[in-house]
Amino acid sequence: VAGLSEPPGDVELHDVRIRAKRLRYAAELLIPLSGDRVRQLAAAAEQVQELLGELHDAVVAIDWLQGLADHPRLGFTAGELAAREAAAAETVRASWRQVWSPLAGGRLSKRL
């Protein structure tokens, strides 16, 4: 995350999501051996994964809806839906670092 561009692009954030998912699954495997600290790490990674998953879903939906823009019957509705998805994506882009903060700096993983 420290090496992301500012502001990070959607492809970069999708990569963060994939890495958070991998971290989550690895941590979940260790919960029986390590307990609450690893459980917190997995939960924090899951929050990042889910939030950035919403961004990815919105970006994919916008792309698909834009393909309907010239459709004579669906163009207006597709545009309205794309605008809603764009607003949702912007909300995630503005807030994802707050969800990331428990994972930043290794606060949850220092003793792992």
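1. Basis. This is a predicted model, in which local features need pLDDT of at least 70 and side-chain atom pairs count only at pLDDT 80 or more, while totals for chains, interfaces and linings use all residues. Residues are numbered from 1 along each chain as its sequence is written, and side-chain values use heavy atoms, with hydrogens and water left out.

2. Before α1. Pro7 lies in the segment before α1, where helices are DSSP runs of H or I with at least four residues, numbered from the N terminus. The peptide bond that joins Glu6 and Pro7 is cis, with omega about -5°. In general, most peptide bonds are trans, and most residues other than glycine have a negative phi.

3. Course of α1. The 25 residues of α1 should span 36 Å at 1.5 Å a residue, and the end C-alpha atoms are 34 Å apart, which agrees; the expected span is 1.5 Å times one less than the number of residues. A kink of about 30° lies at Glu28, shortly before the proline Pro32, the bend being the angle between axes fitted to the seven residues ending at a position and the seven starting there. Just after α1, Gly35 takes a positive phi of about 80°.

4. Packing of α1. The buried residues of this helix are Leu13, Val16, Arg17, Ala20, Arg24, Ala27 and Ile31, where buried means under 20% relative accessible area, exposed over 50%, and partly exposed in between (1.4 Å probe, protein chains only). These buried residues pack against α2 and α3, with contact meaning heavy atoms within 4.5 Å.

5. The whole structure holds seven salt bridges, each defined as a side-chain nitrogen of Lys or Arg within 4 Å of a carboxyl oxygen of Asp or Glu. One of them pairs Asp15 with Arg19 at 2.9 Å, N to O; because the two are four residues apart in helix α1, they are separated by about one helical turn. Asp15 is partly exposed, at 36%, whereas Arg19, at 55% relative accessibility, counts as exposed. Arg24 and Glu28 form another salt bridge, with the closest N and O atoms 3.0 Å apart, and here Arg24 is buried at 15%, while Glu28 is partly exposed at 33%.

6. Salt bridges elsewhere. In helix α2, Asp36 and Arg39 are three residues apart, so about one helical turn separates them, and their salt bridge has its closest N and O atoms 3.6 Å apart. Asp36 counts as exposed at 54% relative accessibility, and Arg39 as partly exposed at 44%. Salt bridges that share partners also join Asp10, Glu90 and Arg93 into one network.

7. Helix α3. The 26 residues of α3 (residues 75-100) should span 38 Å, and the end C-alpha atoms are 37 Å apart, which agrees. The helix bends by about 40° at Ala94. Among its buried residues are Gly75, Ala78, Val92 and Trp96, and what covers the buried residues of α3 includes α1 (10-34) and α2 (36-66).

8. Nonpolar surface. Leu29, Leu30 and Leu33 make a nonpolar surface patch of about 360 Å², and Leu30 counts as partly exposed at 40% relative accessibility. Patches are made of residues with over 30% relative accessible area and no salt bridge, with like charges joined within 9 Å and nonpolar side chains (Val, Leu, Ile, Met, Phe, Trp, Tyr) within 5 Å; the areas come from the Shrake-Rupley method with a 1.4 Å probe, and for residues only the protein chains shown count as cover.
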